[in-house]
Amino acid sequence: MSVLNGKKVLLGVSGGIAAYKTASLVRLFIKAGAHVQVIMTPASKDFVTPLTLSTLSKNPVHSSFFNTDDENAVWNNHVDLALWADLMLIAPATANTLSKMVTGNSDNLLIATYLSAKCPVYFAPAMDLDMYKHPSSLQSFDSLKQFGNIMIPAENGELASGLSGEGRMAEPENIIAFLEADLESKLPLKGKKILITAGPTYEAIDPVRFIGNHSSGKMGFDIANEAAKLGAKVILIAGPTHFKVKNSSVEVVNVVSAQEMYDACHQHYNDVDVAIAAAAVADYKPKVVALQKIKKAADEFSIELEKTKDILASLGTIKKNQFLIGFALETQNEIENAKLKIQKKNLDLIVLNSLQDEGAGFKKETNKVTFIDKNFNIEPMELKSKEAVATDILRKVIEHFG
Ligand code: CTP
């Protein structure tokens, strides 16, 4: 999944021949899952039509401070537009637009919006080779970079003038690749490896029956998807569940029993920076698994159970630098029991679920959790969607790495 997926992109188009390439650029943004709004300078409309860009971006194109098309003139609020965006890209950025960006000469909607933007701003210059090398252009590039804007350098090749050299706007595919690489490199969990357990485990009684529980696996899958979105390399050890990962970069290891989950966790644990145990692991399993289906005979029937291995506690015992997070599902003396689990399993953080809280627990879309860290700082959270709880948990991970 592209890092641009779900991102709000404001594309500023200024008046150069390369403006015709913005049709492909918008297409590529949309294909990557981004939401796109386009602002055009008046001059850019000579090179590409607003209708083309509004059709491709699925949004009206903005180009003047007022919409004067009808009697009820509407002000195009450049501040709202700027604040809407997760990133702004000015492409093509002509010498004229770049110098206006430097001096703050906001005589068009594009520059006014740029001046109001708080998001990262990228610019892709497009000009003839001598213009590109002119000291005033070089000064504009430097000033804009000093302001914190990011330049997507022009490419070498045939220019509209017939000359050949540096100055062509980077090709749309290369602009997208540049943005993706830049955004990915800045993700807060880039370079971190996270192990996550999710779902129930099934403990076989015989070839057709098992002991299981109602865990859907949603919480663990949401954490895995969110962690991958934040740039982490994720290994998800999943018990039986119908959930699929949304982010194809997540490595999924499917397991069935507590023993298989234990083995898979230990296979990967040494290499990870963080481990999050969200699985509802069976605490007991049948001592003997019948090789054949057990036939119905006596009126009463009992199965002898033995403890499974506590996966999280075993990870706590061999912990080196890993940031270790566990869950606690409690129905009474919640805080005290959770604190005991922190100590017993050598955790850095526990995510406490109380089944007394409405909206929390198994097979729900929502969760209400309380964070308790190893110093017993307690942070109760609101009832929220499991996705939002996943974001909160990963915020704790990001805070840990500073
Ligand atoms: N856990 C585990 N392996 C087990 C049992 C639990 O890794 N065999 C993990 C769970 O994934 C969770 C945490 O331990 O992160 C606590 O699980 P919970 O069921 O609340 O507690 P238990 O340790 O099983 O204790 P109890 O059931 O007595 O509350």
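Ala, Val, Leu, Ile, Met, Phe, Trp, Tyr, Cys and Pro count as nonpolar, Asp, Glu, Lys and Arg as charged, and the others, Gly among them, as polar. By those classes, the lining of the largest pocket holds 15 nonpolar, 10 polar and 10 charged residues. The model is predicted. This briefing covers pockets, a surface patch, salt bridges and backbone details.

**The largest pocket**

- The largest pocket has a volume of about 920 Å³.
- Its lining counts 35 residues, and A279, A280, V281, D283 and F327 are the closest to the pocket centre.
- Four elements each supply at least two lining residues: helix α9 (218-229), helix α11 (311-317), strand β18 (323-330) and helix α12 (334-344).

**The second largest pocket**

- The second largest pocket has a volume of about 540 Å³.
- It is lined by 23 residues, with M1, A228, K229, L230 and N247 the closest to its centre.
- Helix α9 gives the largest share of this lining, 5 residues.
- The classes here are 7 nonpolar, 8 polar and 8 charged residues.

**A nonpolar patch on the surface**

- Y284, F301, I303 and L305 form a nonpolar patch on the surface.
- Together these residues have about 390 Å² of accessible area.
- L305 belongs to strand β17, residues 305-307.
- L305 has a relative accessible area of 40%, so it counts as partly exposed.

- K341 sits in helix α12.
- Its relative accessible area is 25%, which means that K341 is partly exposed.
- K341 and A313 are 28 residues apart in sequence, yet their C-alpha atoms are 8.9 Å apart in space.

**Salt bridges**

- The model has 21 salt bridges, counting a side-chain nitrogen of Lys or Arg within 4 Å of a carboxyl oxygen of Asp or Glu.
- One of them pairs D310 with K345, and the closest N and O atoms are 2.7 Å apart.
- This pair links distant parts of the chain, 35 residues apart: D310 is in the loop between β17 and α11, and K345 is in the loop between α12 and β19 (349-354).
- The two partners fall into separate accessibility classes: D310 is partly exposed at 35% relative accessibility, while K345 is buried at 14%.
- Another salt bridge joins the side chains of K374 and D348, at 3.6 Å from N to O.
- That pair also links distant parts of the chain, 26 residues apart: K374 lies in the loop between β21 (369-373) and β22 (378-380), and D348 lies in the loop between α12 and β19.
- D348 has a relative accessible area of 9%; it is buried because that value is under 20%.
- The side chains of K384 and D392 form a salt bridge too, at 2.8 Å from N to O.
- K384 is partly exposed at 23% relative accessibility, whereas D392 is buried at 10%.
- Salt bridges with shared partners tie E379, K384, D392, R395, K396 and E399 into one network.

**Backbone details**

- Most residues other than glycine have a negative phi, and most peptide bonds are trans.
- The peptide bond between A91 and P92 is cis, with omega of about -5 degrees.
- P92 is part of strand β5, residues 87-93.
- K58 is not a glycine, but its phi is positive, about 65 degrees.
- K58 lies in the loop between α2 (50-57) and β3 (66-67).
- K58 is exposed, because its relative accessible area of 61% is over 50%.
- N346 also has a positive phi, about 55 degrees, and is not a glycine.
- N346 is in the loop between α12 and β19.
- At 37% relative accessibility, N346 counts as partly exposed.

**The loop between α12 and β19**

- Several residues described above lie in this loop, including K345, N346 and D348.
- K345 is buried, N346 is partly exposed and D348 is buried.
- K345 has a salt bridge with D310, and D348 has one with K374.

Notes
Residues are numbered from 1 along each chain as its sequence is written. This is a predicted model: local features need pLDDT of at least 70, side-chain atom pairs count only at pLDDT 80 or more; totals for chains, interfaces and linings use all residues. Side-chain values use heavy atoms; hydrogens and water are left out. On a 1 Å grid over the protein atoms alone, a cavity is a set of points where a 1.4 Å probe fits but cannot get out, and a pocket is an open set with protein on both sides within 12 Å along at least five of seven lines; lining residues have an atom within 4 Å of a point. Grid points are joined across faces, edges and corners, and a volume is the space filled by probe spheres set on the points. Patches are made of residues with over 30% relative accessible area and no salt bridge: like charges are joined within 9 Å, nonpolar side chains (Val, Leu, Ile, Met, Phe, Trp, Tyr) within 5 Å. Accessible areas come from the Shrake-Rupley method with a 1.4 Å probe; for residues, only the protein chains shown count as cover. Buried means under 20% relative accessible area, exposed over 50%, partly exposed in between (1.4 Å probe, protein chains only).
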